[in-house]
Every structure is written in C-alpha cells, then in structure tokens.
Amino acid sequence: MFIDRVVIEVRSGKGGDGAIAFRREKYVPKGGPSGGNGGRGASIYLRANKAINTLFNFRHSKTIIGPDGEKGGIKNQFGKCAADVVVDVPVGTVVYLEDGHRFLGDLDKDGKMIRVAKGGRGGRGNTCFKSPTNRAPRIAENGEPGENKRLILELKLLADVGVVGLPSVGKSTFLSVVTSARPEIADYPFTTIIPNLGVVYRHEKSFVIADLPGLIAGAHQGKGLGLQFLRHIERCRIIIHMIDMSDNGRDPFEDYQTIIDELKEYGLGLVERRMIVVASKMDEEGAQAKLRKLQKALPDQKIFPISSLSDEGIGALLDECMSLLSQIPHKPLVEEEPFEDVKVYSLDGGEKEFEILHPEAHRFVIVGDQIIKYYKMTNISTDEGMLKLLTHFRHLGIDDELEKMGAKNGDTVEIADFAFDYVE
C-alpha cells in the first residue's frame with residue numbers, strides 16, 4: 001500500500017532525577033553529599049533510508065516514545081543516558097511540525113538524519129549544590145521533561161522528470177517503454193492510482209522519471225487524485241506534459257490548458273518549471289490533424305510527437321530530457337537555514353515567564369511553559385527543595401501578582417499537579 005502522508009506523535013525521554021545521598025563510610029571523615037546526576041533522556045531522530053519507499057508503517061498515527069534516563073545514584077554515580085531512538089523513513093520525506101505547519105527538515109539523501117525531539121537533560125544531584133555555606137544540601141533536581149510533538153510526514157518522490165496529463169493519455173505505457181517499470185495499463189480512466197517510478201538509462205547516463213496519476217479539472221481542490229499526488233511533482237526539474245492525439249472527441253489545446261491551470265492553481269512555481277509538451281498516440285488515425293491544430297494554438301512551443309507502440313519519437317524526447325537535466329541544477333524544496341552552534345543572549349526580557357489565571361473564587365492557577373518546567377525539575381520532597389521553589393516564585397514576583405489579584409489567606413494556588421494554600 002502506497003501511503004505518502006501521515007501524522008505521528010513523538011515523545012522524547014525525560015532526564016533521570018538527581019539523587020540526594022551522603023557518604024557514611026568508616027574511615028572517610030566528613031564524607032559529605034554524594035548524590036549523582038541523572039542521565040539524559042533519549043532524543044528521537046528521523047533517518048532517510050533508501051530501502052523504504054512508503055510511509056505504510058505509520059498509517060495508524062504511530063506514537064514514538066523515547067526511554068527516560070536513569071536516576072543518579074549514591075557515591076556520585078551518574079545515571080546512564082538513554083539510547084537515542086532512530087526511526088527510518090523513505091528518502092524524500094519532508095517533516096513539518098503540525099502546529100503552524102512549520103518546516104523541520106527535508107530527508108532528501110540516504111542516511112540523512114534530523115532530530116525531531118530532544119531528550120531532557122539529567123537532573124543534578126545534591127553534590128552539585130554543595131557550597132561553603134551549605135555543606136550538607138538536601139536538595140536535588142528532577143530530570144528535564146522530554147519534548148512532545150505532533151509531526152506531519154509527507155513523502156515527495158525524488159524524481160528528475162514528472163509525467164503529467166489527463167487520465168488515459170498514455171503516461172503509464174510511455175513509462176513501461178522507456179524504463180523497466182511495470183505500471184498497470186488499461187483502457188479506462190484512473191488506471192494509475194499511485195505514482196510509479198522508473199529509471200531511464202541512455203548514453204551511459206540515467207535519470208529518474210515518475211508517472212503521476214491523471215489530473216482533471218479541479219485537481220488542486222481535491223477532485224480526482226490530483227491533490228493527493230501533485231506534491232510529487234514538486235521535486236521534478238522537468239515536467240513532461242502529455243496530450244492525447246487519438247480520436248477521443250476532446251480538443252488537444254483545451255486538454256493542455258486544463259493541466260496548465262491546475263499546475264498554476266497548485267502553486268509552488270510548478271507552471272514555471274521547464275516543460276516538454278508531448279503529443280502521444282501518434283499511431284492513431286487522425287493524430288496528425290490534431291497535432292497540426294495543437295501546433296497552431298501553441299506556435300512558440302516545441303512539441304514532441306511520440307508513439308509508445310512504435311517507439312516513434314521516443315529517442316528524441318529522451319535526448320531532450322538528458323540535455324535539459326544537464327543544464328538545470330537541483331533545487332531544495334525549502335531553503336534550510338544554516339545551523340549555527342552559537343547561543344545568543346539578549347538583555348530583553350522576552351515573553352513573561354508566567355501568567356496567573358483566576359477561574360473561580362478562592363482559586364488561582366499559575367501557567368507558563370518556563371515556570372512549569374522549573375517546577376517539574378525541582379525536587380520538592382524535602383524542605384530545602386520546597387523552599388527553593390517558593391523562593392523562585394517570590395523572585396519572579398508571583399507573590400506580588402497574587403496580592404494584586406486579591407488573593408486571601410487560605411486561597412488555593414495551583415501549578416501543574418501541585419496545589420498549596422496562599423499565605424499573606
């Protein structure tokens with residue numbers, strides 16, 4: 001089954017919690033704190049694999065979950081980092097974040113990898129909090145939470161040449177003649193329901209050609225099979241526009257204009273790609289008359305007449321493709337910004353770290369990604385950990401904000417899964 005678009009969920013692993021421990025060994029004076037750090041959680045990567053040609057394995061909106069890092073141990077033992085999860089996808093898969101359809105990466109080369117979810121770092125053990133004024137800290141960090149994302153995976157075939165046209169114009173027959181591909185061929189519309197790929201070998205060179213399901217008027221709006229498979233033309237450097245010259249009762253120029261209109265409406269500059277117009281089925285009766293009519297309607301367009309039955313014009317068409325491909329460079333679907341491993345710090349305050357909601361009387365809820373992350377990484381199982389959290393709240397001005405909002409003694413304040421009573 002050919003599946004070229006799926007939505008999946010990825011959840012990277014949480015970092016291991018830091019430990020609270022002290023050395024109490026004979027002959028080890030003043031052992032002090034010895035809680036080790038937790039290990040990093042697993043990150044999730046997508047990797048292009050040429051042995052896979054469909055997204056079939058993700059057809060049920062598969063969820064990929066990375067393991068958590070191990071907790072820190074006694075005697076300054078660090079927790080083990082979790083092994084990263086690598087998921088293979090077909091070469092040509094484009095990855096978007098579902099929220100806002102933001103581009104994440106194009107896996108257009110075999111072996112290329114992108115990280116789609118970063119594993120959480122391990123929490124620090126109490127050894128890291130030792131200081132001259134606090135020689136026996138009973139405080140540690142929990143591991144950083146992993147990332148949870150929903151991704152759109154779209155497979156866009158890596159073909160140099162795409163063959164488009166109305167249904168039953170001879171695209172599949174042409175592909176079977178010039179390559180070793182064996183697409184289904186029959187005398188009814190929409191015989192081809194999935195894209196077919198083949199490799200053309202000529203003059204000790206080769207290129208990949210794709211036979212795409214027939215387009216009809218309104219394909220860009222989802223009619224027929226066009227909207228589902230138009231994305232596969234996006235990588236093609238050349239488009240072969242095939243027009244049927246047989247006695248089918250249709251006007252060849254109208255057929256030509258129908259496809260041009262659909263490519264134009266779909267966008268992404270498809271109509272501006274280098275296009276080769278091909279008149280197919282020239283062995284049919286009346287084909288020459290229809291060809292002359294099309295040439296008259298398109299005086300500035302070179303038209304290649306072919307017959308897949310007799311091989312007429314096939315060689316000239318392939319030579320034209322080879323010649324154009326040598327002149328047209330590969331162009332990425334999306335201009336990827338170069339990665340710079342430099343962190344930029346700014347004096348600007350940026351977005352507010354927290355917000356306080358007041359959904360009902362005597363109840364306040366603290367929200368905000370940064371403040372919730374800080375809470376989840378704070379070990380509040382000890383008095384020192386709880387004091388650290390409340391001190392951070394006071395430093396951020398949460399106490400002042402609650403007072404402005406009219407909080408009274410005994411009111412409930414919530415953050416994530418933790419609730420406490422407000423005290424003036």
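Trainee: How many helices and strands does the secondary structure of the protein comprise?

Mentor: The protein has eight helices and 18 strands; helices (H or I, at least four residues) and strands (E, at least two) are DSSP runs, numbered from the N terminus. This is a predicted model, in which local features need pLDDT of at least 70, side-chain atom pairs count only at pLDDT 80 or more, and totals for chains, interfaces and linings use all residues. Residues are numbered from 1 along each chain as its sequence is written, and side-chain values use heavy atoms, without hydrogens and water.

Trainee: What percentage of the 424 residues is buried?

Mentor: Buried residues amount to 45%, where buried means under 20% relative accessible area, exposed over 50%, and partly exposed in between (1.4 Å probe, protein chains only).

Trainee: How many aromatic pairs are there, and how is such a pair described?

Mentor: A pair of aromatic rings is described by the distance of the centres and the angle of the planes. Rings of Phe, Tyr and Trp (its six-membered ring) pair if their centres lie within 6.5 Å; planes under 30 degrees apart count as stacked, over 60 as edge-to-face and the rest as tilted. The structure holds five aromatic pairs. Tyr-96 and Phe-103 form an edge-to-face pair, because their ring centres are 6.0 Å apart and their planes lie at 70°. Tyr-96 is buried at 9% relative accessible area, while Phe-103, at 21%, is partly exposed.

Trainee: Why do Tyr-375 and Phe-418 count as stacked?

Mentor: Their ring centres are 5.9 Å apart and their planes are at 20°, so the pair is stacked. This pair links distant parts of the chain, with Tyr-375 in helix H6 (residues 369–376) and Phe-418 in strand E18 (residues 418–421), 43 residues apart. Both Tyr-375 and Phe-418 are buried. Together with Phe-393 and Phe-420, Tyr-375 and Phe-418 form one aromatic cluster.
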